[in-house]
Amino acid sequence: MARNPIQFQPGLSLPAFFEQYGTEGQCREALFRSRWPRGFACPDCGNTTYCQLSRGLYQCHRCHHQTSLTAGTIFHGTHLPLTTWFLAIYLLTQRKSGISALQLSRELGVTYNTAWKLKHKLLQVMYERNQGERLSGRVEIDDAYLGGERPGKRGRGAEHKFPFVAAVQTDEEGHPQRVQLRRMSGFTLAEIRRYAQQAIAPGSHVISDGLGCFRAFDTPTYVHECHITGGGRASVANPEFNWVNTLLGNVKNAITGTYHAIRGQHAPRYLAEFEYRFNRRYDLKAMIPRFLTVAARTPPMPYRFLKMAEPYA
């Protein structure tokens with residue numbers, strides 16, 4: 001059997017990474033190109049001429065506004081060198097199952113709290129980039145939960161379970177193209193309608209099981225194909241849900257295998273991490289430049305906001 005060219009692509013090796021981003025100067029140049037691809041533009045007046053001060057600030061020739069390379073970006077106010085940030089980006093984007101904050105702290109040589117804040121800021125970049133993207137064409141969709149086994153109520157409505165929707169867009173040959181993982185407050189008709197308006201393009205062919213909330217796709221806007229699967233192995237073996245079931249298995253293995261536990265308010269970021277990497281798996285070498293482009297346009301995320309994550313997304 002021929003090897004999957006996507007799965008066996010070389011990616012960006014660690015020596016190649018350090019060759020491109022091994023010094024602070026290289027990182028600054030890369031971030032400058034990502035933030036101002038057409039050259040410097042003053043954030044106040046838009047003027048393109050400037051001078052660089054000894055403190056590393058850029059001063060506009062017209063209005064004399066001074067700005068730093070990281071001001072107004074996800075790197076805003078950082079005391080860490082950019083080489084540390086770039087290595088964290090590399091570790092987060094090149095590993096299929098991600099990396100925990102504890103392991104990140106060991107590999108970066110920083111404290112756990114620093115690694116946690118750095119990681120969640122980078123996950124916020126992935127989360128914001130995923131928003132607004134829509135699936136189209138043939139879409140398999142299913143409901144799922146995150147959370148370990150604990151005493152108390154089981155199944156839907158369990159307090160320790162975090163509901164989310166998994167959707168996979170496939171091509172004409174049935175191969176997965178893009179995925180979506182969205183935290184839900186619950187599987188209600190209104191909630192799925194809200195999700196559909198934001199995430200599924202009109203005219204899509206949506207394939208779901210018999211869960212009542214998916215009746216939200218029973219409109220002229222979509223072609224809804226419903227399969228009553230029941231429970232047990234029969235539902236998992238249904239070929240109509242081959243890729244969404246595969247996706248759910250990979251998501252849960254990646255999250256439970258990497259993290260000991262996650263909190264419900266941060267679940268959208270952990271789901272966004274998997275979604276972001278999966279949808280950009282076709283070109284691993286381009287992951288860092290593409291990530292920097294988004295990071296340079298993601299507003300600052302102070303710690304108090306990191307802790308106040310949205311309950312669902």
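Two residues are said to be in contact when they have heavy atoms within 4.5 Å of each other. The structure described here is a predicted model, in which local features need pLDDT of at least 70 and side-chain atom pairs count only at pLDDT 80 or more, whereas totals for chains, interfaces and linings use all residues. Residues are numbered from 1 along each chain as its sequence is written, and side-chain values use heavy atoms, with hydrogens and water left out.

Phe86 is in contact with Phe17, Tyr21, Cys27, Ala30, Leu31 and Leu292, leaving aside its neighbours within four places in sequence. A nonpolar core is a set of buried Ala, Val, Leu, Ile, Met, Phe, Trp, Tyr and Cys residues joined through side-chain atoms within 4.5 Å. Buried means under 20% relative accessible area, exposed over 50%, and partly exposed in between, with a 1.4 Å probe and protein chains only. The largest nonpolar core has 69 residues, and Phe75 and Phe86 touch the most other members. Helix α3 gives the largest share of this core, nine residues. Another core, of 19 residues, lies apart from it and includes Leu135, Ala167, Ile192 and Leu211. In soluble globular proteins, nonpolar side chains tend to be buried together.

Helices (H or I, at least four residues) and strands (E, at least two) are DSSP runs, numbered from the N terminus. The expected span of a helix is 1.5 Å times one less than its number of residues. Helix α2 (residues 24-35) has twelve residues and should therefore span 16 Å, which agrees with the 16 Å between its end C-alpha atoms. Its buried residues are Cys27, Ala30, Leu31, Phe32, Ser34 and Arg35. These buried residues pack against α1 (14-21), β1 (50-52), β2 (58-60), β3 (66-67), α3 (82-94) and α10 (287-295).

Helices α3 and α10 also pack against each other, at an angle of about 115° and with their axes 10 Å apart. Axes are lines fitted to C-alpha atoms, for helices over the stretch in contact, and angles run from 0 to 180 degrees between N-to-C directions. On the α3 side, Phe86, Ile89, Tyr90, Thr93 and Gln94 meet Met287, Ile288, Phe291 and Leu292 of α10. By class, this contact has seven nonpolar, two polar and no charged residues. Here Ala, Val, Leu, Ile, Met, Phe, Trp, Tyr, Cys and Pro count as nonpolar, Asp, Glu, Lys and Arg as charged, and the others, Gly among them, as polar.

Arg277 lies in helix α9 (residues 267-279) and is buried, with a relative accessible area of 8%. Not counting residues up to four places away in sequence, Arg277 touches Leu92, Thr93, Arg95, Lys96, Ser97, Gly98 and Met287.

Helix α5 (residues 112-130) has 19 residues and reaches 27 Å from its first C-alpha to its last, close to the 27 Å expected. His120 is in this helix and counts as buried, at 0% relative accessibility. Leaving aside neighbours within four places in sequence, His120 is in contact with His266, Arg269, Tyr270 and Leu306. Just after α5, Gly132 takes a positive phi of about 95°.

Most residues other than glycine have a negative phi. In His64, however, phi is positive, near 65°. His64 is in the loop between β2 and β3 and is exposed, with a relative accessible area of 51%.
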